[in-house]
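Hi everyone, thanks for coming. Let's take a few minutes to look at how this protein is put together inside.

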Amino acid sequence: MNQITNHLPTAELQALDAAHHMHPFTSNSELSEKGARVITRADGVTLTDSEGNQILDAMAGLWCVNIGYGRDELAEAAARQMRELPYYNTFFQTTHVPAIALANKLAELAPGDLNHVFFAGSGSEANDTNLRMVRQYWNLKGKPEKSVIISRWNAYHGSSVGSGSLGGMKGMHAQGGMPIPDIHHIDQPDWWSEGGDMSPEDFGLERAQQLEEAILELGEDRVAAFIAEPVQGAGGVIIAPDTYWPEIQRICDKYEILLIADEVICGFGRTGNWFGSQTMNIRPDIMTIAKGLSSGYAPIGGSMVSDEVASVIGSDEFNHGYTYSGHPVACAVALENLRIMEEENVVGYVRDVAAPYLKEKWESLTDHPLVGEAKISGMMASIALTPSENTRAKFASDAGTVGYICREFCFGNNLIMRHVGDRMVISPPLVLTTDEIDTLIERARKSLDQCYAKLKEDGLLVAAF
Ligand code: PXG
């Protein structure tokens, strides 16, 4: 077979897919029974599948298509760059204009003195860079024993061995020999699920102070860095109580621990500022970037690095890099994406228009009997599903059972809304109009109603305790 086109019948495409394509984070046997949804095109915030359904993509792909689908300028930028210089590397004292221009632009946009960028092809690769970079930093400072990186349970930092070890997904650790040594995890600031009888404020402080306890337990002279997402994305859009981040910053400063902010989801406008670190008012030494950097139009990631860290790392050869570090086509696409974001004031639109509007509508979902808390930061949001909102009870069914049912109704209503366990999450394109927000909320509410009726019918509206 030479050509696979959009014109084959869906069932045929699904059969070919099941026969040869291994999907990420998917049970392939389950998938081949059901058949994958085949997406054929997209425009703005709307996907079209092979059956002609028009689906509102409230996840922006995988949290990445920030400026929306179908922007010709990005296709043109890629084509132009492919004609001029489709590939050259940035190893061995060479460079090229797209990498130079993008590095300069990023230095201008990044907060503080994060003036340097080490390019990668993805967020996972960039976090692998960070892992090696912070250890090499302390090594060059004459403290090679400072090698432990502290992270959080339920964090997501990527899927490679290094970044998956940094992450705190136990299901991932169970496969393939992770975590690697010298990664230590503390608890996440998820008040709804884990806050017990504490107030959110006290709980936020308690969770931040776990960092201090871990540093003291491991030994200050052993800890290299703390890594965290400003808002946990894949973990369920977990937004820490207000007391959390100031305390984390205090502890990092006190013990001279490098702070790595993983901005792969939060970066590039998602939280209503260019970076989530600005929203949370923290001063990272390193930021991981990817996804929204190119709005997902080309695979690219990187590590934004402070003057201090860059100067220490630069004092010796850093034996690290990827074939596609600073890939010229990906850099050209990212530059065009950032140009559009600036010219169209996308971050201002999020801050002043879209996010306040979405917040009001999203929080109104808490009047639904299935919805406990609603959390939102800029254009990333979650709701906790619960059989009993007054007690913050979990469902008696296995975690994720109810979330999955709700997600299936969302799909049926042409809305891509994800579930993480029994939390429903959204992260739509930043350019979503207020009319499209209305449609999103309408479809979400309808799906919640259907889910509620189904749970009642199946006897699943039962609390775990
Ligand atoms: N850090 C964060 C905070 C992420 O969200 C990565 C690193 C890794 O990036 P790459 O480009 O290597 O995938 C991510 C990626 C999900 C989901 O199901 C989330 C991600 C990726 C795939 C699925 O929520 N985040």
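So, the C-alpha centres of domain 1 and domain 2 lie 26 Å apart; the domain bounds come from an automatic or database domain assignment. Domain 1 covers 37-67 + 345-458, and domain 2 covers 73-343. Their contact (heavy atoms within 4.5 Å) takes 34 residues from domain 1 and 37 residues from domain 2.

A word on the source: this is a predicted model, where local features need pLDDT of at least 70 and side-chain atom pairs count only at pLDDT 80 or more, while totals for chains, interfaces and linings use all residues. Residues are numbered from 1 along each chain as its sequence is written, and side-chain values use heavy atoms, with hydrogens and water left out.

Now the inside. The largest nonpolar core has 103 residues, and Phe-226 and Trp-362 have the most contacts inside it. By nonpolar core I mean buried Ala, Val, Leu, Ile, Met, Phe, Trp, Tyr and Cys residues joined through side-chain atoms within 4.5 Å, buried being under 20% relative accessible area with a 1.4 Å probe, protein chains only. Helix 14, residues 328-343, gives the most to this core, with eight residues; helices here are DSSP runs of H or I, at least four residues, numbered from the N terminus.

Which helix packs with helix 14? That's helix 4, residues 72-84, at an angle of about 150°, with the axes 8 Å apart. Axes are lines fitted to C-alpha atoms over the stretch in contact, and angles run from 0 to 180 degrees between N-to-C directions. Among the residues making this contact are Leu-74 and Ala-77 of helix 4 and Val-329 and Ile-340 of helix 14. Thanks, all!

Key
Buried < 20%, exposed > 50% of the residue type's maximum accessible area, 1.4 Å probe, protein only. Helix = DSSP H or I, 4+ residues; strand = E, 2+ residues; numbered from the N terminus.
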